[in-house]
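Here's a quick look at one model, with an eye on helix packing and charged pairs.

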Amino acid sequence: MLKIEAEAIRQLIPRIGRSFEAAVDLLAGCKGRVVVTGMGKAGLIGQKLSATLSSTGSPSHWVHPAEAIHGDLGRVTKDDVVIALSNSGETEELTRLLPVIKRLGARLIALTGNPRSTLTKHSDVTLDVSVKREACSLNLAPTSSTTAMLAMGDALAVVVAE
């Protein structure tokens, strides 16, 4: 299992390029807050990413996408950068937010395992965190995919801090 997850992280290294630089530039130039969102296990990784961003000097908070639909999207302003995490890029609660985020004028960074997703189409920058397989025997439980999101998020936070 650890070898599969380690390989998922290793596969991210060649993906560090222009999109990563563009995401770093958006975050470094953010005049508001970094708002992080995601549903399910991706949301748990998003909560950790928001905490890491705050710890490294980027004001951040996490917003649950279902709560955002019911009013918490009012926490997002035109000066913010939103980071949305979704392995499929098609999570209903998240995709319902995308037009509103754009209408507000906030910039959007996607961390997704599906570079052709609805999330990608609405994003200013997409970071591909796709994995070959999950580490569980059924290839279902979010294991390698959440590890890849976590590692990419940590990379963003640390590079922005530096």
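## Ground rules

This is a predicted model, so to speak of local features takes pLDDT of at least 70 and side-chain atom pairs count only at pLDDT 80 or more, while totals for chains, interfaces and linings use all residues. Residues are numbered from 1 along each chain as its sequence is written, and side-chain values use heavy atoms, with hydrogens and water left out.

Helices (H or I, at least four residues) and strands (E, at least two) are DSSP runs, numbered from the N terminus.

## H2 against H8

Two packed helices are described by the angle between their axes and the distance between the axes. Here, helix H2 (residues 18–28) and helix H8 (residues 144–161) have axes that come within 10 Å and cross at roughly 55°. That makes H2 oblique to H8; angles under 35 degrees count as roughly parallel, over 145 as roughly antiparallel, 65 to 115 as roughly perpendicular and the rest as oblique. The axes are lines fitted to C-alpha atoms, for helices over the stretch in contact, with angles running from 0 to 180 degrees between N-to-C directions.

Who touches whom? On the H2 side you'll find Phe20, Ala23, Val24, Leu27 and Ala28, meeting Met152, Ala155, Leu156, Val159 and Val160 of H8 (contact means heavy atoms within 4.5 Å).

## Salt bridges

Side chains of opposite charge can pair when their charged atoms come close. The rule used is a side-chain nitrogen of Lys or Arg within 4 Å of a carboxyl oxygen of Asp or Glu, and it gives a count of six salt bridges.

One of them pairs Asp128 with Arg15, at 3.6 Å from N to O. Asp128 sits in strand E5 (residues 125–128) and Arg15 in the loop between helix H1 (2–10) and H2, so this pair ties together parts that are 113 residues apart in sequence. Asp128 is partly exposed at 25% relative accessible area, and Arg15 is partly exposed at 26% (buried means under 20%, exposed over 50%, partly exposed in between, with a 1.4 Å probe and protein chains only).

Another bridge links Asp124 and Lys102, whose closest N and O atoms are 2.9 Å apart. Asp124 is in the loop between helix H7 (118–122) and E5, and Lys102 is in helix H6 (residues 98–104), so the pair ties together parts that are 22 residues apart in sequence. Through shared partners, salt bridges join Lys102, Arg107 and Asp124 into one network.
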